[in-house]
Amino acid sequence: MMNYIWGGMIIISLIVSVFTGRVEQTAAAAVSGAGDAVNLTVSLMGIMCLWTGISKIGEDGGLLRLISKVLNPLLRVIFPKLDPDSKGFRRIVMNIVANLLGMGNAATPLGINAVTELWNENGKKSTATNEMCMFVVLNTASLQLIPSTLISLRQSYGSANPGNVILPIWICEICALTAGIFMAKFLSRVWDKKTDKKMSKRINERRLKTCR
Amino acid sequence: MQIISAFAVPVFIFVFLMSGFISRIDVYDSFVKGAKSGLTATFNIIPALVGLMVGIAMFRESGCLEILTKVLNPITSLIHMPSEIVPLALLRPVSGSAAIAVVTDIFNNFGPDSIQGRIASIMMGSTETTIYTIAVYFGSVGIKNIRYTLFAALTADLCGIVMSVIIASI
C-alpha cells in the first residue's frame with residue numbers, strides 16, 4: 001500500500017509542478033526534505049533514548065504485572081466470552097498494559113502472541129473471531145499514556161510547552177476507543193446474524209435435497 | 001487542563017523509577033539497556049523518514065497539497081478543520097512514519113503551538129497506524145476474513161480525528 005501512496009505522491013507532484021510552474025521549487029524541496037529527515041532523527045535521538053530507557057525500568061521492575069491486575073476486571077467486560085485464566089486472555093492484558101506504558105517493542109510481540117493463542121483456541125480457522133476483531137480494534141486505537149515521540153518532536157520545534165497536549169490527547173483517545181469498542185460490539189451482532197442466515201440457508205437447502 | 005498535562009511526564013518518570021527501586025533491580029543498568037534500544041529504533045526509521053519527508057515536501061511545493069485541500073474543503077470546513085491537517089488525517093491510518101513527516105512539516109511551517117500545530121499534535125497522539133496494525137496481527141496467523149475489524153477501527157480513527165479538531169479549539 002505504501003508502495004503506491006509514496007510512488008504516486010512523487011509522480012503526481014512532478015506532473016503537477018509542470019502545470020503550476022513550480023518545477024524548480026519541487027526539485028529543491030526533494031533535496032531539503034532529505035536533509036530535514038536526518039536532522040529530525042538526530043534531534044529526536046536523545047529524548048527517545050530517555051523514554052525507552054525509562055520504560056525499560058518499568059518493564060524490568062514488574063510494573064507491567066502490577067497494572068495488569070488493575071486492568072483485569074475492565075478487560076473481562078470487553079471480552080466476556082474469554083476465560084480469564086486462559087493464556088489468550090492473559091496475553092491480551094499484558095499487551096494492553098505494554099501499549100499504555102508506551103513499550104512499543106514489547107507490545108507488538110505480546111499482541112502477536114495473544115492473537116496466536118486466540119487462533120489456537122478457535123481451531124486455527126482463517127476467519128477472525130469476535131474476540132480477535134475486538135483485540136485488534138483495541139490495538140488500532142492509541143492507548144499510550146505518554147506520547148513520547150510527539151512530545152520530543154514538539155520540543156525540538158521549540159514549543160513553549162511541549163507537554164500541554166497530553167490531557168487533550170487522553171480525552172481524544174478515550175472517545176476514539178469507546179467509539180471503536182461500541183462499533184465492534186454492534187458490528188459483531190450484525191455479522192453473526194449474517195453467518196447464521198447463511199448457515200440456516202445451507203441447512204434448508206440440504207433438507208430440500210434430501211426430501212427430493 | 002494545563003496542570004494535569006504538566007504533571008503527567010514527571011509523575012510517569014517517578015512511578016517508573018520507584019517501581020524499579022521497590023523490586024530491587026539495577027535501575028541504571030535497565031535504563032542504559034532501554035536507551036540503547038531507543039537509539040537503534042530511531043536510527044532504523046531514518047531511511048523511511050527520508051523517503052517520506054522528500055515525498056511530502058515535493059507534494060507541498062508542487063502545489064498538489066493546495067489542490068487537494070481545495071477539493072476537500074467542503075468536507076473539512078464542516079468540522080472547521082484547517083486544510084493543512086488534511087494530509088495528516090489521510091495518512092495517519094496508513095503509515096506512522098508518513099504521519100511523523102506531515103506533523104514535522106506542519107510544525108516547520110506554523111510552529112507547534114499554533115492551532116494547526118496543536119490539532120496535528122493531538123491527532124498524532126490519539127490515533128494509531130490502523131492498517132499496519134491489522135496487517136501485522138491478522139497476517140501473523142494467516143487470518144483472511146477479518147470481518148468488521150476495519151470498519152470498527154476506522155470508526156475509532158474518524159472519532160479521534162474529529163475530536164482532536166474540536167478539543168484543540170477549546
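Which residue forms a salt bridge with Arg22(A)? The partner is Glu61(B), and the closest N and O atoms of the two residues are 2.8 Å apart. A salt bridge here is a side-chain nitrogen of Lys or Arg within 4 Å of a carboxyl oxygen of Asp or Glu.

## Basis of the report

This is a predicted model, in which local features need pLDDT of at least 70 and side-chain atom pairs count only at pLDDT 80 or more, while totals for chains, interfaces and linings use all residues. Residues are numbered from 1 along each chain as its sequence is written, chains are lettered from A and ligands numbered from 1 in the order in which they are written, and side-chain values use heavy atoms, with hydrogens and water left out.

The model scores ipTM 0.85 and pTM 0.85. Chain B has an average pLDDT (the predictor's confidence in each residue, from 0 to 100) of 89, and 99% of its residues score at least 70.

## Chain B

Chain B contains 9 helices and 0 strands. Helices (H or I, at least four residues) and strands (E, at least two) are DSSP runs, numbered from the N terminus.

Of the 170 residues of chain B, 52% count as buried. Buried means under 20% relative accessible area, exposed over 50%, and partly exposed in between (1.4 Å probe, protein chains only). The C-alpha atoms of chain B fill a box of roughly 60 × 45 × 30 Å along the principal axes.

## The interface between the chains

The size of an interface is often given as the accessible area lost when the parts come together. Chain A and chain B bury about 8200 Å² between them, with 77% of it on carbon and sulfur atoms; this buried area is the accessible area (1.4 Å probe) that two parts lose on being put together, summed over both. In chain A, Ile57(A), Thr140(A) and Tyr157(A) lose the most area to chain B, together 8% of what that side buries.

The contact (heavy atoms within 4.5 Å) takes 99 residues from chain A and 92 residues from chain B. One residue of chain A that touches chain B is Thr41(A), whose partners include Thr42(B), Ile45(B), Ile46(B) and Leu49(B). Thr41(A) is found in helix H2 of chain A and is buried, with a relative accessible area of 0%.

## Salt bridges across the interface

Between chain A and chain B there are 3 salt bridges, and the count over all chains is 9. In the pair Arg22(A) and Glu61(B), the closest N and O atoms are 2.8 Å apart. This pair crosses from the loop between H1 and H2 of chain A to helix H3 (residues 46–61) of chain B. Arg22(A) counts as partly exposed, at 29% relative accessibility.

Asp113(B) forms a salt bridge with Arg154(A), the closest N and O atoms being 3.2 Å apart. Asp113(B) lies in the loop between helix H6 (96–110) and H7 of chain B and Arg154(A) in helix H7 of chain A, so the pair joins two chains. Asp113(B) is partly exposed at 37% relative accessibility, whereas Arg154(A) is buried, with a relative accessible area of 0%. Asp192(A) forms a salt bridge with Arg147(B), with the closest N and O atoms 2.9 Å apart. Asp192(A) is partly exposed at 27%, and Arg147(B) is buried at 12% relative accessibility.

Key: Lists of a residue's contacts leave out its neighbours within four places in sequence.
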